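Dear colleague,

I am handing over the structure below, and I would be grateful if you would look through it alongside the notes that follow.

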Amino acid sequence: MKKIVFAVLLSLLPLLVPLAAGAQPEKPTIYIVKKGDTLWGLSDRFLKDPFYWPNLWARNQRITNPHLIYPGQRVRIYPDRIEFVDEETFPTPVQPEQIFQERMFTAIGSEGFLLESVLCHTGTILQADHDRLIVGQEDTVYTDIGMEMGAQPGDRFSILKQVKKVYHPESGDFMGYKFLPLGTLELVDMEAKSSSAIITNSYLEISPGSMLVPYQNNRREVTLKAADRNLDGYIVESRMGNITIGTEDVVYLDLGRKQGVQSGNMLYVVRDVPLKKTFVKRDAGALPQQVLGALVVVEVAENTSTALVIKSVETIYLGDKVKLIKN
């Protein structure tokens, strides 16, 4: 009988050893940052998720600039995360050419915005040369901005269009007027109350009746910024009014400065998963939300913001929820 029990124990040893090994603390792989490495690249290479890197930056106080890492820095690679080694001293100083920039997001100024009140504009395009209804770059137009307003040849203006009133997809509350930048123009010949102008840049079709406001260069680089709070909101409108949304589309959110959103915050687009009752035997609560993609805020107003969709794994729709997660 003792021989039988001993034989059974021996047969179980191969099963017990993996269990014991699995109970040991996970041992990370140590990786030393090399020339050309970026947070984006490390996240993509080791976790197969390049959009993990804002969390990597936010959780490591030693990385004061989220877009700079240095050769010689050491990281621990786990199956589900990456951690920078907290060393007593920084790596040996490196030359400026050894510092590598992480990916940044560019807002070119054509993204548009929601405004809760009517825009106070400087002037209007009255008509186009040859009575054209649609004009573009290098075309001539006429405006109601003249010398009596203090304008001079060479003055530049941004061209805007008020598109529509936007209402919240859930509450029905008025969110604001949607404005789209159409392009820019430069005044040429002046009269007392009018002028001719040349379209110097066009993002979309420009037509008579478009608004003019003093020119500002709204092209800028947006760096990701760690969130300091948790927020839930909605996509209330898209730049071109399309219902289906994907990567590189521009959307408008019901979260703004008043709610604590900042330019550079990254939010996740999520959708509730309905619970089917077929196999429910006890209270299962709410199912985890489905993550559809991610977006970065590029401009913030009082109660709304403009965001660029940087990733979509499934089709995103107007009215989908967004979630800001404190890092």
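Of the 327 residues of the protein chain, 40% count as buried, where buried means under 20% relative accessible area, exposed means over 50%, and partly exposed is the range in between (1.4 Å probe, protein chains only). This is a predicted model, in which local features need pLDDT of at least 70 and side-chain atom pairs count only at pLDDT 80 or more, while totals for chains, interfaces and linings use all residues. Residues are numbered from 1 along each chain as its sequence is written, and side-chain values use heavy atoms, with hydrogens and water left out.

The chain has three helices and 22 strands; helices (H or I, at least four residues) and strands (E, at least two) are DSSP runs, numbered from the N terminus. Among contacts between residues at least 6 apart in sequence, 71% join residues at least 24 apart, a contact being heavy atoms within 4.5 Å.

On confidence, the average pLDDT (the predictor's confidence in each residue, from 0 to 100) is 82 for the protein chain, and 80% of the residues score at least 70. Where pLDDT is low, the predicted coordinates should not be read in detail.

Leaving aside neighbours within four places in sequence, V322 is in contact with L231, D232, G233, Y234, I235, L253, L255, L267, Y268, V269 and L295. In soluble globular proteins, nonpolar side chains tend to be buried together.

The charged pairs come next. The count comes to eight salt bridges, each defined as a side-chain nitrogen of Lys or Arg within 4 Å of a carboxyl oxygen of Asp or Glu. One of them joins R132 and D139, whose closest N and O atoms are 3.0 Å apart; R132 is partly exposed at a relative accessible area of 38%, while D139 counts as buried at 18%. Another is formed by the side chains of R257 and E302 (3.5 Å, N to O). This pair links distant parts of the chain, with R257 in the loop between β17 and β18 and E302 in the loop between β19 and β20, 45 residues apart, and E302 counts as partly exposed at 40% relative accessibility. R271 and D320 also form a salt bridge, their closest N and O atoms being 2.8 Å apart. Here too distant parts of the chain are linked, since R271 lies in strand β18 and D320 in the loop between β21 (316-317) and β22, 49 residues apart. R271 is partly exposed at 23% relative accessibility, and D320 is buried at 8%.

Among the aromatic residues, the count comes to three pairs, taking rings of Phe, Tyr and Trp (its six-membered ring) as paired if their centres lie within 6.5 Å, with planes under 30 degrees apart counted as stacked, over 60 as edge-to-face and the rest as tilted. The rings of F174 and Y177 have centres 5.3 Å apart and planes at 75°, so this pair is edge-to-face. F174 is partly exposed, with a relative accessible area of 36%, whereas Y177 is buried, at 14%; together with Y167, F174 and Y177 form one aromatic cluster. Elsewhere, the charged end of R156 sits over the ring of Y215, 4.1 Å from its centre, a criterion that requires NZ of Lys or CZ of Arg within 6 Å of the ring centre and within 35 degrees of the ring normal.

Finally, V273 is found in the loop between β18 and β19 and is partly exposed, with a relative accessible area of 33%. Leaving aside neighbours within four places in sequence, V273 is in contact with L287, P288, Q289 and Q290.
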